[in-house]
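Open the model in a viewer and follow the selections below in order. Each stop names what to select and then what is there.

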Amino acid sequence: MRFTLKQLTLALIGVLALAGCSSDADSDRFEDQVGVQMFLWNFNSIAQECEYLGDAGIDWVLVSPPQEHIQGEQWWVGYQAVSYQLESQLGTKSEFETMVKTCGDQGVEIYVDAVINHMTGNSEGVGTAGTEYAKYEYGDLYTRADFHACTQTLDSQIADWTSVAQVQECELLNLADLRTEDESVRAKIVGYLQSLVDLGVTGFRIDAAKHIALADMEAIKAKLPATIKYIQEVVPGTPGAEPLDYLGIGDIFGFDLAYQLASIFTQQVAYLPDTSTESPWVTPSNQTVVMVSNHDTERNGQAINYSQPAQFEAATALMLALDYGQPMLYSSFAFDSYDWAPKDENGRMLDAKCAQSSAIYFANHEAGTWLCQHRMNSVNSMIAFRDETSGKPVTNPQTSDSVLSFERGDIGFFAVNVTTVDQSGVEISTGLADGKYLDFISGKEIEILGGVVKTDLVANQAIALIRR
Ligand code: LAG
Ligand code: CA
């Protein structure tokens, strides 16, 4: 991440200078980068938002699937690929190119959500670029022989999620499953990914990565530039295809932390998230992209979503305060049913816009509202706190019934009220030196006296202190 004058002004109204802000623009630490998933933001809207994102210290944006897909009013049509032409509900190829360039000028890189495990579940239709298709038949691109004929289950669907063979060769959600073991299929996938690299894309989210055999991922990766980054979506639960198994390819999404954050803030129990790598799905910090939620978990109840704005903001602050993984923020729209998305009559996503102050929009839950969670008040200041405390370990974790706190080396202190009940006169003992500290979130000064931090913490409030 990087600091600009504007960011500092935005985040801390100039007071950061007093705290001795240091720039770490050259930092190579994986944990120092911060991304944001701009779920279904169209390319024009992302391009416009990139100045804000760059100023906020955000390093990359994950864009939703940009390739041709089935038509429909549902949000998920993008996950049913029809061809690899860049013509989608998010915009055209030229709009995509403009976005990559505009964002690049602001120091913001583009990651693409790559749908390469499967094509459509839909039986037939016309794609968003005009390609006529039937399930297993996609013009010149793929025909029946390019898809798995899964023999393990009667209906060709994945039934046993503990069977790697089924998970990788049978159909996920009835979606035509590509024979990624075939050279010809691999070549087409490589061609698609390379075309995006040629347009300036930095990396990929590999959609449904655990449904692609490791050997196939390896072969695809081997044909692409070594500099490309991969963040693989490997949902825990299939022995033999767990997150840890895919580390040789690249990075992994940290679902586990999202689940722990949900449990902390919905059950209102303060504990320090366990990020040790002793379980088969908790991956090492320097290869794990962590999040509070993504587009699936915000709909399936496994993670906190915008319907609990205070918890969502506090969980985001906690994620940024920890030193585990590379955070990916999440930004989305309000919805009133699973399938629904804000589109025009042609099935294109409507432009996304943020209010001057994000908090206004975030409080408005009318379906179609762009929530702009990436503009939450505490995000910029927590990115600044993360920068300040880069490389300093989490130490002295403490919990009471309602408050989790810890220190970051000898300079930072973080505390959050995980409950919806205001707490006044909270006292937390600390090993940090006595003196005046700046709360990056509120911009107010807090004094540590006699080794004790004393503060009020209203419902879900966090403080992030740095010595002045
Ligand atoms: C993913 N990661 O592995 C995406 O994060 C997830 O959002 C995708 O599902 C899934 N894998 C396939 O790429 C999404 C929706 C599904 C939707 C699917 C295909 O969550 O609800 O399925 O995209 O568009 C829909 C219907 C299903 C139906 C299927 C095929 O909901 O009932 O079986 O389409 O017709
Ligand atoms: Ca597969």
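Predicted model: local features only at pLDDT ≥ 70, side-chain atom pairs only at ≥ 80, totals over all residues.

Buried means under 20% relative accessible area, exposed means over 50%, and partly exposed is the range in between.

**Stop 1: Lys135**

Select Lys135, in the loop between S7 and H5. Its relative accessible area is 15%, so Lys135 counts as buried. Show the side chain of Lys135 and follow it to the backbone oxygen of Asn174, which it reaches at 2.8 Å. Then display the contacts of Lys135, leaving out residues up to four places away in sequence: they are Thr120, Gly121, Asn122, Ser123, Glu171, Asn174, Leu175 and Ala176.

**Stop 2: rings in the loop between S7 and H5**

Aromatic pairs number 21 in a search of the whole structure. One of them is Tyr136 with Phe147, an edge-to-face pair with 5.6 Å from centre to centre and 70° between the planes. Tyr136 and Phe147 are both in the loop between strand S7 (132–134) and helix H5 (164–169), 11 residues apart. Tyr142 and Phe147 are both buried; the relative accessible area of Phe147 is 3%. Tyr136, at 16% relative accessibility, also counts as buried.

Now select Arg144. Its charged end sits over the ring of Tyr136, 3.9 Å from the ring centre. For another arrangement of this kind, select Arg299 and Phe335: the charged end of Arg299 sits over the ring of Phe335, 4.3 Å from its centre.

Go back to the loop between S7 and H5 and pick Ser156, which is also placed there. Is Ser156 buried or partly exposed? At 22% relative accessibility, Ser156 counts as partly exposed. Check its backbone too: phi of Ser156 is near 65°, a positive value in a residue other than glycine. Most residues other than glycine have a negative phi.

**Stop 3**

Select Leu40 in the loop between strand S1 (35–38) and helix H3 (43–55). Leu40 has a positive phi, near 60°, and is buried with a relative accessible area of 2%. Next select Phe39, Trp41, Trp75, Tyr79, Tyr330, Phe333, Tyr338, Trp340 and Trp370, which form one aromatic cluster.

**Stop 4: ligand 1**

Centre the view on ligand 1. Which residues are closest to ligand 1? It is surrounded by 16 residues, and the closest are Trp76, Asp207, Glu233, Asp296 and Tyr338. Look at the backbone next. An oxygen atom of ligand 1 lies 2.8 Å from a polar backbone atom of Trp76. A backbone N or O atom of Leu173 is 2.9 Å from an oxygen atom of the ligand, and a polar backbone atom of Ala208 is 3.0 Å from an oxygen atom of the ligand.

**Stop 5: helix H8**

Select residues 255–267, helix H8. The helix has 13 residues and spans 18 Å from its first C-alpha to its last, close to the 18 Å expected at 1.5 Å a residue. Of these 13 residues, 10 are buried, so H8 is largely enclosed by the rest of the structure. Colour the buried ones: Phe255, Asp256, Leu257, Ala258, Gln260, Leu261, Ala262, Ser263, Ile264 and Phe265. Then show what covers them, including strand S10 (251–254), strand S11 (288–291), helix H9 (297–300), helix H10 (309–321) and strand S15 (412–417). Just after H8, select Gln268, where phi is positive at about 55°.

**Stop 6: Cys354**

Select Cys354, in the loop between strand S12 (326–331) and helix H11 (358–363). Cys354 is buried, with a relative accessible area of 18%. Leaving out residues up to four places away in sequence, it touches Trp41, Glu49, Tyr361, Cys372, His374 and Arg375. Trp41 was also selected at Stop 3, as part of the aromatic cluster. Zoom out to include Arg179: its C-alpha is 42 Å from that of Cys354, and the two residues are 175 apart along the chain.

**Stop 7: Ser381**

Finish with Ser381 in helix H12 (residues 377–388). Ser381 counts as buried at 1% relative accessibility. Its side chain reaches the backbone oxygen of Ser378 at 3.2 Å.

Methods. Residues numbered from 1 in each chain as written. Chains lettered and ligands numbered in written order. Heavy atoms only, no water. Helix = DSSP H or I, 4+ residues; strand = E, 2+ residues; numbered from the N terminus. Expected span 1.5 Å × (residues − 1). Buried < 20%, exposed > 50% of the residue type's maximum accessible area, 1.4 Å probe, protein only. Contact = heavy atoms within 4.5 Å. Phe/Tyr/Trp six-rings, centres within 6.5 Å; stacked < 30°, edge-to-face > 60°. Lys NZ or Arg CZ within 6 Å of the ring centre and 35° of its normal. Near = heavy atom within 4 Å. Polar contact = N/O pair within 3.5 Å; in protein donor to acceptor, adjacent residues only side chain to side chain.
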